[in-house]
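Subject: Structure handover and notes

Dear colleague,

Please find below the structure that I promised to pass on to you. My notes on what was found in it follow directly after.

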Amino acid sequence: MVEGREIPLPGRWVLDPVHSQVQFVARHMMVSKVRGFFRELEGTLDIDEAPELSRVEVTIQAASIDTGDATRDEHLRSPDFLDVQRYPEITYRSVRVQLGDGGKWHVAGLLTIRDVTQPVPLTVEFCGVNRDPWGKIRAGFLATTEINRDDFDITWNQALETGGFLVGKGVKIEIDAEAVRDDDSDH
């Protein structure tokens, strides 16, 4: 407990890729939203006795992007957007963890997309911990942020006849993560 807030046990936690997802929402044609997610990710959370010293590292396979439309997904994998042939991974590494308001935490970190690294803060909610039927301890986290894709040199767009652009610059990101405590982190 930190200031009355439950935190996971100290130690190394490994993301369960089957029960974790990085989702995003971007504007399309100024009138609707496109939602998608990445199918392949891995990462670790090193929870310290002093939570402010905790660390997070996540790697996402850029080619695993999925919006439910194969043609759009291929375009998102192309040099116009993620350029997955040249930049196969998207990474996030925390640099600071701070206690936030309303039971949330603020994680300052560095997001790298297309070999461009920018500071990106996350607002993180610890969703609790439980033991699964096989004896493993699992913890849940929900993190949110918003980025401007221009900041990562993802600037492709098309002007619309009626004004505005085909693809919005802002991208909302939500990370729903389930991590399993590494039993060896006790030793």
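**Salt bridges, a hairpin and one threonine**

R138 and D16 are both buried, where buried means under 20% relative accessible area, exposed means over 50% and partly exposed lies in between, with a 1.4 Å probe and protein chains only. Before going further, please note that this is a predicted model, in which local features need pLDDT of at least 70 and side-chain atom pairs count only at pLDDT 80 or more, while totals for chains, interfaces and linings use all residues. Residues are numbered from 1 along each chain as its sequence is written, and side-chain values use heavy atoms, with hydrogens and water left out.

R138 and D16 form a salt bridge, with their closest N and O atoms 2.7 Å apart; the term stands for a side-chain nitrogen of Lys or Arg within 4 Å of a carboxyl oxygen of Asp or Glu. This pair links distant parts of the chain, since R138 sits in strand β10 (residues 137-148) and D16 in the loop between β1 (11-15) and β2 (21-28), 122 residues apart. Helices (H or I, at least four residues) and strands (E, at least two) are DSSP runs, numbered from the N terminus. D16 and R138 also belong, together with D132 and E178, to a network of salt bridges, and the count by this rule comes to nine salt bridges.

Another salt bridge joins R77 to E74, again with the closest N and O atoms 2.7 Å apart, and both residues lie in helix α1 (residues 70-77), three residues apart, or about one turn of the helix. In the salt bridge between D83 and R86 the closest N and O atoms are 3.6 Å apart; here D83 is buried at 5% relative accessible area, whereas R86 counts as exposed at 58%.

Turning to the strands, β9 (residues 116-131) and β10 run antiparallel and are joined by eight bridges, pairing being assigned if DSSP finds at least two bridges between two strands. F126 has F141 in β10 as its bridge partner. The two strands, β9 and β10, form a hairpin with five residues between them, and G135 in the turn has a positive phi of about 90°.

Finally, T67 lies in the loop between β6 (65-66) and α1 and is buried, with a relative accessible area of 11%. Leaving aside neighbours within four places in sequence, T67 is in contact (heavy atoms within 4.5 Å) with residues including F24, V34, R72 and D73.

Best regards
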